[in-house]
Amino acid sequence: MNDSTEKASEGDASSKALSAHAGDVGVGDGVLPEAFRAWLRENQVNEEVYRSAHLERRFIRVSVHDSSISLEQLEAAYGKPCTPVDWCAGFYQIPTCARVAASSLYKEGRVYGADVSSGVAVDALQIQPGDHCLDMCCAPGTKLCMISEMAGANGSATGVDISRDRLASCRTVVQKYKRPNIRLFLADATQFAQRAPVPKVCACLCVKLLSEICDGIASCTVQRVPLLFQGISLLLALVDKLHAAGRKHSTRSSAGG
């Protein structure tokens, strides 16, 4: 047997071994495309971590604002067992055969299809109500929605993605779940320089003060001049504090959607 024949035989054997292993990692089911496997090899990542045994776990997340969903409802929608994830609030492990998008809970925007790893990343930020958070590479948007829920009405979640198509899919998710405190930007996150939005309460107070000052100017008397100047001073001080808060605010950030 010459060298070329030996190499051909080795190549056939390698191909057969690769095909056999492909069944283990789920390539036949479309889980790991060959291009991805090539990337794993190039970056010296062991394919074993993507074997089917590691892919049998699926998760959903229940909105933190919807505590009315019972375990019985989840199991009626997705089958048994639906197991609460004790170490990540709101997440449940569901059967692999469950069709998340087919349930009424999902269609009504009460349940998210989200991996628990995303929940852990958000929990690590320790977001408090009123925080303003930046999510870089925010698509597909489920993590961004979780951030916005935790930040609350006086906080915000800003999502940035460099891909127009991925940002469009993120916008669809945000609209589906009706999250009002989310802003989306098509931009390079490394160059992003938008400040956090002004808190609604402070903005309303500024408008109210300005309105009262304008009314005071229109009907100003000698006796009201000190009060008028006091109102102007208060407004300028408030605007200065808001400006300083915008410069110094520690924005919590997360990478990935």
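Reply: Start with the elements: helices (H or I, at least four residues) and strands (E, at least two) are DSSP runs, numbered from the N terminus. This is a predicted model, in which local features need pLDDT of at least 70 and side-chain atom pairs count only at pLDDT 80 or more, while totals for chains, interfaces and linings use all residues. Residues are numbered from 1 along each chain as its sequence is written, and side-chain values use heavy atoms, with hydrogens and water left out.

Me: Which residue follows α6, and what is its phi?

Reply: Gly152 follows α6, and its phi is positive, near 75 degrees.

Me: How many residues of α6 are buried?

Reply: Buried means under 20% relative accessible area, exposed over 50%, and partly exposed in between (1.4 Å probe, protein chains only). By that rule nine of the 10 residues of α6 are buried, among them Lys143, Leu144, Met146 and Glu149.

Me: Which residues have the most contacts inside the largest nonpolar core?

Reply: In soluble globular proteins, nonpolar side chains tend to be buried together. A nonpolar core here is a set of buried Ala, Val, Leu, Ile, Met, Phe, Trp, Tyr and Cys residues joined through side-chain atoms within 4.5 Å. The largest has 25 residues, and Phe91, Ile127 and Leu144 have the most contacts inside it. Two or more residues come from each of α5 (116–124), α6 (142–151) and α7 (164–176), with α6 giving the most, five residues. A second, separate core of 12 residues includes Val62, Ile69, Leu74 and Val100.

Me: How many salt bridges does the structure hold?

Reply: A salt bridge is a side-chain nitrogen of Lys or Arg within 4 Å of a carboxyl oxygen of Asp or Glu. The structure holds five. One of them joins Glu149 and Arg61 at 3.1 Å, N to O. Glu149 lies in helix α6 and Arg61 in strand β1, so this pair ties together parts that are 88 residues apart in sequence. Glu149 counts as buried at 4% relative accessibility, and Arg61 counts as buried at 2%.

Me: What separates Glu34 and Arg37 in helix α2?

Reply: An α-helix has 3.6 residues a turn, so residues three or four places apart point the same way. Glu34 and Arg37 are three residues apart in helix α2, so about one helical turn separates them. In their salt bridge the closest N and O atoms are 3.6 Å apart. Glu34 is partly exposed at 38% relative accessibility, whereas Arg37 is buried at 1%.
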